Amino acid sequence: MEQYHRIEPLKTVRGTHKTIKFGLHIVTWNVGTAAPPDDVTTLFQLETETQEMDMYIIGLQELNSKVSSFLVDMVFHDPWTLFFTNFLAPLGYVKVSSIRMQGLLLLVYIKYLHLPYIRDLRTSYTRTGLFGYWGNKGGVAARLSVYGHLLCFLNCHLPAHLNNSSQRISSFQRILAVLQFTSETAPSILDHDLLFWFGDLNFRIADHGLHFIRDSISKNRFHLLWDKDQLNKAKKMEPVLSGFLEGPLLFKPTYKFNLDSTDYDTSEKRRKPAWTDRILWRVKECCQDEGSEHQRSDAKKPIGVALNTYNSQMEYGVSDHKPVLGTFCLELEKRITQPLVELQAEGQWLPGRDAVISYCTAEDYPSSSWDWIGLFKMGFRSHGDYVTYLWVKDDELTVHEDIYQVYLNGEEIPAAGGEFVLCYYSSNMESIVGVSSPFQILPECAGNPLEMDPGMETCAAQADSDSDTC
């Protein structure tokens with residue numbers, strides 16, 4: 001029997017044992033049916049961001065939704081999803097959720113070490129185009145529990161044109177009323193602890209003429225336009241917008257531009273610039289009338305939300321809109337402190353040699369015979385991006401109290417070696433509920449790995465001495 005070690009949770013996350021500081025980066029972009037740009041380094045502020053991000057949320061509008069393109073995207077991932085996933089995966093971010101409705105797309109990426117604390121993933125959508133029968137306008141949403149807090153992200157594309165402000169409010173009211181999640185906890189949008197609402201909301205600058213607007217923009221006197229911004233006005237008057245917050249509009253209006261340019265519309269229409277692309281948030285009211293005393297006590301521990309950046313990115317010219325980004329620091333009470341499953345790789349792993357995995361589960365974990373453990377190379381894209389996997393119940397052995405072991409056939413271990421993690425996937429919860437610490441697999445040396453030459457023995461001995469057993 002292989003020696004097993006005490007299983008310890010994956011090293012972790014910034015903050016005290018009670019709270020963590022959680023970095024969130026949101027992007028909204030009407031891409032105007034265009035293909036992705038060559039690079040998005042500045043969009044994600046990778047060279048300037050002071051706080052490491054834990055989650056990236058990307059909301060796109062007006063993806064190419066022609067029948068031919070949409071059908072291809074349903075079979076394969078659309079170009080934008082592939083582009084963002086391939087960009088973020090090498091940085092340690094895993095795509096945990098996505099939803100598309102015609103031209104609307106919402107993507108959710110999480111730093112891999114947080115995966116065991118992400119639960120209750122759901123997605124939904126609501127159409128508002130053509131009286132609710134067409135999905136060119138509407139909203140797509142994803143919700144998830146992060147360390148026990150329910151977060152919801154709502155990406156919307158609302159009706160266009162200057163005179164349709166009331167129609168935009170009506171569309172948003174319909175989305176809030178109709179969009180539901182298949183869950184007993186927080187089935188509606190406003191039931192969540194924290195809601196982020198963003199997208200091409202299409203609100204315009206009323207009353208002011210084209211010359212005054214452009215002159216104010218050229219002189220960076222944005223404050224002269226705030227009072228006539230339709231969304232700012234609606235927040236003061238419309239009950240449906242009560243509680244929604246937004247950072248100051250200290251960047252140029254993001255619509256409408258000539259393609260591949262920072263010049264506003266010079267076509268015959270010469271549309272007035274507007275802050276159509278926005279990011280807002282709403283923290284659920286702390287005090288609840290219903291529920292037990294314990295529930296009310298929990299509700300009085302709000303999530304701290306600090307806006308760090310709210311800006312647009314003028315250098316991107318693939319569409320007539322500029323992307324808008326918001327970065328936030330969330331202070332979260334850790335209501336979930338332990339993963340449901342803890343697991344680790346035992347000993348040194350070598351190609352051709354059977355490997356041992358130890359794991360243990362929480363008492364309340366709803367295990368299934370369809371649970372599996374996957375071997376993932378660092379930089380994996382999603383839970384389906386495994387190198388190999390095994391069903392945990394097939395050859396499970398109890399080695400000590402509640403610690404179990406399973407064996408992975410040596411032929412399944414990649415010969416090229418590298419840095420890997422093990423992930424435990426729950427069939428009942430449809431998510432990863434346990435992640436091991438990263439570990440090294442040595443590359444296969446020349447000859448039969450089972451008949452190791454002295455060089456192989458030296459290599460293996462050095463790796464064993466250097467390995468960080470959890």
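Visitor: What covers the buried residues of helix 4?

Guide: In this predicted model, helix 5 (223–226) is among the elements that cover them. Covering here rests on contact, that is, heavy atoms within 4.5 Å.

Visitor: Which residues of helix 4 are the buried ones, and what puts them on the same side?

Guide: The buried residues of helix 4 are I213, S216 and I217. Around the axis they cover an arc of only 100 degrees, so they sit on the same side of helix 4. The face turned away from that buried side carries H211 and S218, which are exposed. After helix 4 comes N220, with a positive phi near 55 degrees.

Visitor: Where is N202, and why is it called buried?

Guide: N202 lies in the loop between strand 8 and helix 4 (210–218). Buried means under 20% relative accessible area. N202 has 4% relative accessibility, so it counts as buried. The phi of N202 is also positive, about 70 degrees, although N202 is not a glycine.

Visitor: What makes A186 a buried residue?

Guide: The relative accessible area of A186 is 10%, and the limit is under 20%, so A186 is buried. You will find A186 in the loop between helix 3 (165–178) and strand 8 (194–200). Phi of A186 is near 55 degrees, a positive value in a residue other than glycine.

Visitor: Which residues does the cis peptide bond join?

Guide: That bond joins Y255 and K256, and its omega is about 0 degrees. K256 is placed in the loop between helix 6 (230–237) and strand 9 (277–283).

Visitor: Let us turn to the strands. Why is strand 11 called largely enclosed?

Guide: Strand 11 covers residues 324–333, and eight of its 10 residues are buried, so the rest of the structure largely encloses it.

Visitor: How do you know that strand 1 and strand 11 pair?

Guide: Two strands pair if there are at least two bridges between them. Strand 1 (residues 19–30) and strand 11 have 10 bridges, so they count as a pair, and the sense is antiparallel. Within this pairing, F22 has L330 of strand 11 as its bridge partner.

Visitor: How many bridges join strand 10 to strand 11?

Guide: Strand 10 (residues 304–312) is joined to strand 11 by eight bridges, and the two run antiparallel. A306 has its bridge partner in strand 11 too, namely C329.

Visitor: What does L330 touch beyond its neighbours in sequence?

Guide: Leaving aside neighbours within four places in sequence, L330 is in contact with residues including I20, F22, L24, L151, F196 and V305. L330 also belongs to the largest nonpolar core, which has 56 residues. In that core, F153, F196 and L330 touch the most other members.

Visitor: Are C152 and C329 buried or exposed?

Guide: C152 has 0% relative accessibility and therefore counts as buried. C329 has 15%, which is also under the 20% limit, so C329 counts as buried.

Visitor: What makes strand 19 largely enclosed?

Guide: Five of the five residues of strand 19 (residues 431–435) are buried, so the rest of the structure largely encloses this strand. Strand 18 (residues 418–426) is joined to strand 19 by four bridges, and they run antiparallel.

How values were computed: Residues are numbered from 1 along each chain as its sequence is written. This is a predicted model: local features need pLDDT of at least 70, side-chain atom pairs count only at pLDDT 80 or more; totals for chains, interfaces and linings use all residues. Side-chain values use heavy atoms; hydrogens and water are left out. Buried means under 20% relative accessible area, exposed over 50%, partly exposed in between (1.4 Å probe, protein chains only). The arc is that of the directions from the helix axis to the C-beta atoms. A nonpolar core is a set of buried Ala, Val, Leu, Ile, Met, Phe, Trp, Tyr and Cys residues joined through side-chain atoms within 4.5 Å.
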